[in-house]
Amino acid sequence: QASQLFVSGNDTFSYVIMPGAAADGGDGAAIRYADPSMAPASVKIPAFVNGVPVVRIDTEAFMNASKLTKVSVPDTVTVIGARAFKGCVALTDMDSYTAE
């Protein structure tokens, strides 16, 4: 399935819908930063993209995002893919927030 773009504030993400991936059996989304090399110091991953819950930080989602120091992850996320934060040499802070 082709990825789609989702803009949240100054951040642009790409995502794919994964049928049946959410905890309730509904569709869930896998998300990644559209261009990890352009990721700023702080990123808040959206809890929903076009009404679909974000349940996965995709494989290599932020790989080599060298400026990234903080990531806020919604409580909708249940899976973090392989190498999602590989090469994020400045990353020192991750926190979670409750989706509204």
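How many salt bridges does the structure hold? The count is three. Before I take them in turn, please keep in mind that this is a predicted model.

Let me begin with R56 and D58. Their side chains meet in a salt bridge, with 3.1 Å from N to O. D58 has a relative accessible area of 18%, and because the cut-off for buried is under 20%, this residue counts as buried.

The next salt bridge is formed by the side chains of R83 and E60, at 2.9 Å from N to O. R83 belongs to the loop between β8 and β9, while E60 belongs to the loop between β6 and β7, so the pair ties together parts that are 23 residues apart in sequence. Both residues are partly exposed: R83 has a relative accessible area of 41%, and E60 has one of 28%.

The remaining salt bridge joins D95 and K70, whose closest N and O atoms are 3.3 Å apart. Here the link is between strands, with D95 in β9 and K70 in β7, 25 residues apart, and it connects distant parts of the chain. D95 is partly exposed at 29% relative accessibility, and K70 is likewise partly exposed, at 26%.

I turn now to the aromatic residues. A pair of aromatic rings is described by the distance of the centres and the angle of the planes. The model contains three aromatic pairs, and I shall describe two of them.

One of these is the pair of F13 and Y33, with 5.3 Å from centre to centre and 75° between the planes, an edge-to-face arrangement. F13 lies in strand β2, residues 11-18, and Y33 in strand β3, residues 28-33, so the pair ties together parts that are 20 residues apart in sequence. Both F13 and Y33 are buried.

Another is the pair of F62 and F85. Their ring centres are 5.3 Å apart and their planes stand at 5°, so this pair is stacked. F62 sits in the loop between β6 (52-57) and β7 (70-74), and F85 in the loop between β8 (79-80) and β9 (93-97); the two are 23 residues apart, and their pairing links distant parts of the chain. F62 is buried, with a relative accessible area of 1%. F85 also counts as buried, at 18% relative accessibility.

How do these rings belong together? F13, Y33, F62 and F85 form one aromatic cluster.

A further contact involves a charge and a ring. The charged end of K44 sits over the ring of Y97, at 4.4 Å from the ring centre.

Finally, I would draw your attention to strand β3. Is this strand largely enclosed or open? Five of its six residues are buried, so β3 is largely enclosed by the rest of the structure.

Which way do β3 and its partner strands run? With β2, the strand runs antiparallel, and six bridges join the two. Within that pairing, I17 has A29 of β3 as its bridge partner. With β6, by contrast, β3 runs parallel, and three bridges join them. In this second pairing, A30 stands opposite R56 of β6.

That position brings us back to the opening topic, for R56 is also the residue whose side chain meets that of D58 in a salt bridge.

Notes. Residues are numbered from 1 along each chain as its sequence is written. This is a predicted model: local features need pLDDT of at least 70, side-chain atom pairs count only at pLDDT 80 or more; totals for chains, interfaces and linings use all residues. Side-chain values use heavy atoms; hydrogens and water are left out. Rings of Phe, Tyr and Trp (its six-membered ring) pair if their centres lie within 6.5 Å; planes under 30 degrees apart count as stacked, over 60 as edge-to-face and the rest as tilted. Helices (H or I, at least four residues) and strands (E, at least two) are DSSP runs, numbered from the N terminus. Buried means under 20% relative accessible area, exposed over 50%, partly exposed in between (1.4 Å probe, protein chains only). A charge sits over a ring if NZ of Lys or CZ of Arg is within 6 Å of the ring centre and within 35 degrees of the ring normal. A salt bridge is a side-chain nitrogen of Lys or Arg within 4 Å of a carboxyl oxygen of Asp or Glu. Two strands pair if DSSP finds at least two bridges between them.
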